[in-house]
Amino acid sequence: MVNFGLIWELTKRDFTEQYAGSVLGALWAMIWPLVYLVIYIMIFGKLMGGHLPGESSIYTYGIYVTVGLVPWSAFSSTLNRSCSVFLEKKHIITKLSTSLPMLLVYVSLSETITFLITMTIFFVFLVATGYTFHSGLLLVPFIFYLMQLFAVGFGLLMATFTVFIRDLKQIVGIILQFWFWFTPIVYVPQILPDLVKRMLVYNPAYIFVQSFQQLFVYQADPPYRQLLLLTVLVHGVLVLAYLVFRTLEKDVRDFI
Amino acid sequence: MLALILSAWVAACAGLGYGLLKQCRYPLNVYGLLLCSTLMLLGVFWMFPLLRAFLGC
């Protein structure tokens, strides 16, 4: 059965346990994103003098890096943590009758909370620097939702196979490292060789990151056509992952 | 016309979502929720540029 109470309880515990026993407690959940934003915007943008072609503002590169890195961090953490979620929560799985795929939702929710805190601080920074907001930014939650769905779908596939092949978590970690550097998050796509540039359209992470960069940095429309295709692809991945899981569910429960 | 299409889409999505959440039967609800999610996102990414152009914002 789908136990929403359990999912919410796991999300809360996952979030609070990270700072349990510390003096500042949950305040750390705000301090860390603040530190990251200072590094991205002040160090990368201002002190190191990073700038985008054709952009004169000192904050533009910092914003470019932030709107790429923050969603990517949520995506990669969700995917990476999803791989071992069945093994880590085996004490719950063996005692309670719960839907295993829903365990991935708690990982995603926990990462979404971190994303929301970081983006809230980021929006405060944007207001303080006189950033011009536009209606296109209303799409941000939908793009992030699609990105997290992709992480959950891919994560469910990996979580199912990791029960049988434990090395998969490490392999996914390595893939994520390469994936990060093959996605123009801290650099602009213009510096890439033509062949790699042409291949970027096949990188789903780039479509997501590009959408955020278009909306925040260039104040332009995201690639709607690619987002529509990605919507179908992501839900296809989810259905496929769920079918694979359903086929192997009995073995998964036996193995853990 | 656009407002009419948008209203119909919102009503369809809301009805579908409510119906699927109401029954919430495993595993039917998983496919149902995914279908609802697909329709919602397709609707948003398809209608949003039209709506922005229509409203001029």
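1. A:Glu9 forms a salt bridge (a side-chain nitrogen of Lys or Arg within 4 Å of a carboxyl oxygen of Asp or Glu) with A:Lys12. Their closest N and O atoms are 3.9 Å apart in this predicted model. Both residues lie in helix H1 (residues 4–17) of chain A, 3 residues apart, about one turn of the helix. Helices are DSSP runs (H or I, at least four residues), numbered from the N terminus.

2. Buried means under 20%, exposed over 50%, and partly exposed in between (1.4 Å probe, protein chains only).

3. A:Asp254 forms a salt bridge with A:Lys250, with the closest N and O atoms 3.7 Å apart. They sit 4 residues apart in helix H11 (residues 224–255) of chain A, about one helical turn. A:Asp254 is exposed at 53%. A:Lys250 is exposed at 61%.

4. A:Asp14, A:Arg81 and A:Glu111 are linked in a network of salt bridges. Over all chains, the count comes to 8 salt bridges.

5. A:Phe150, A:Phe154, A:Met158, A:Phe161 and A:Thr162 in H7(A) meet A:Leu168, A:Lys169, A:Val172 and A:Trp179 in H8(A). Contact means heavy atoms within 4.5 Å.

6. On sources: residues are numbered from 1 along each chain as its sequence is written, chains are lettered from A and ligands numbered from 1 in the order in which they are written, and side-chain values use heavy atoms, without hydrogens and water. In this predicted model, local features need pLDDT of at least 70, side-chain atom pairs count only at pLDDT 80 or more, and totals for chains, interfaces and linings use all residues.

Technical notes
Helix = DSSP H or I, 4+ residues; strand = E, 2+ residues; numbered from the N terminus.
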